[in-house]
Amino acid sequence: MLVISVALIFLIISVYFYNRYVPVLGVPCVKNLELISPVKIVDVRDYNYVDEPVPVAVNIPVAYLQRNYQQFKDEKVIVLASSHLEKNISVRYLKKKGIEVIGYRVIGNNCKCPKLKMV
């Protein structure tokens, strides 16, 4: 009984860690948001976040994605986040709901981004 309890607790902690901290595979970093026109940009940062505002982005904080994800059905989106934790949670949630996430950008983080190929 003790072994099953410990295994269950370990499983719960592992799932929590995976959802937050393990990067999402297959979703590349996007360097230049201006060049991508047929794609919606979803800004998951807080409403009062003032660093590098993106005027064409739809601002829906991570906490409100559950209520507002329907407006992105059948569209390609790019997630704009302030941290990798926000990015991981948002991308996983949107993909779980069937929304095609083709890229992400973490503001303030100069990642080495490959060029995004539009199909």
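Rings of Phe, Tyr and Trp (its six-membered ring) count as a pair if their centres lie within 6.5 Å. By this rule, the predicted model shown above has 3 aromatic pairs. The chain has 119 residues, and 34% of them are buried.

**Overall layout and confidence**

- The chain contains 3 helices and 4 strands, and read from the N terminus the elements follow the order α-β-β-α-β-α-β.
- The average pLDDT of the chain is 85, with 87% of the residues scoring at least 70.
- Confidence is highest in helix 3 (residues 84–96), at a mean of 94, and lowest in strand 2 (residues 58–59), at 90.
- A word of care for reading any model of this kind: where pLDDT is low, the predicted coordinates should not be read in detail.

**Aromatic pairs**

- Count of pairs: the total is 3.
- One of them joins Tyr47 and Tyr64 in a tilted arrangement, with 6.0 Å between the ring centres and 35° between the planes.
- This pair links distant parts of the chain, 17 residues apart: Tyr47 belongs to the loop between strand 1 (40–43) and strand 2, and Tyr64 to the loop between strand 2 and helix 2 (65–68).
- Tyr47 counts as exposed because its relative accessibility is 55%, above the 50% cut-off.
- Tyr64, at 30% relative accessibility, counts as partly exposed.
- Tyr69 and Tyr93 make an edge-to-face pair, 5.9 Å from centre to centre and with 85° between the planes.
- Tyr69 is in the loop between helix 2 and strand 3 (76–81) while Tyr93 is in helix 3, so this pair ties together parts that lie 24 residues apart in sequence.
- Both Tyr69 and Tyr93 are buried.

**Charges over rings**

- Two further tyrosines come into view here, each with a charged side chain over the ring: Tyr104 and Tyr18.
- Over the ring of Tyr104 sits the charged end of Lys87, at 4.4 Å from the ring centre.
- Arg92 places its charged end over the ring of Tyr18, 4.3 Å from the centre of that ring.

**Salt bridges**

- There are 2 salt bridges in the structure.
- One of them is between Glu75 and Lys40, whose closest N and O atoms are 3.8 Å apart.
- Glu75 sits in the loop between helix 2 and strand 3 and Lys40 in strand 1, so the bridge links distant parts of the chain, 35 residues apart.
- Glu75 is partly exposed, with 28% relative accessibility, and Lys40 is also partly exposed, with a relative accessible area of 28%.
- Asp43 and Arg45 form a salt bridge through their side chains, with an N to O distance of 2.8 Å.
- Asp43 counts as buried because its relative accessibility is 5%, and buried means under 20%.
- Arg45 is buried too, with a relative accessible area of 1%.

**Nonpolar surface patch**

- Leu8, Leu11, Ile12 and Val15 form a nonpolar patch on the surface, and together they have about 380 Å² of accessible area.
- Ile12, one of the patch residues, lies in helix 1 (residues 2–21).
- Ile12 counts as exposed because its relative accessible area is 53%, and exposed means over 50%.

Definitions and conventions
Residues numbered from 1 in each chain as written. Predicted model: local features only at pLDDT ≥ 70, side-chain atom pairs only at ≥ 80, totals over all residues. Heavy atoms only, no water. pLDDT = per-residue confidence, 0-100. Helix = DSSP H or I, 4+ residues; strand = E, 2+ residues; numbered from the N terminus. Patch = residues over 30% accessible without salt bridge, like charges linked within 9 Å, V, L, I, M, F, W, Y side chains within 5 Å. Areas by Shrake-Rupley, 256 points an atom, 1.4 Å probe, with all protein chains shown as cover. Salt bridge = Lys/Arg side-chain N within 4 Å of Asp/Glu carboxyl O. Buried < 20%, exposed > 50% of the residue type's maximum accessible area, 1.4 Å probe, protein only. Phe/Tyr/Trp six-rings, centres within 6.5 Å; stacked < 30°, edge-to-face > 60°. Lys NZ or Arg CZ within 6 Å of the ring centre and 35° of its normal.
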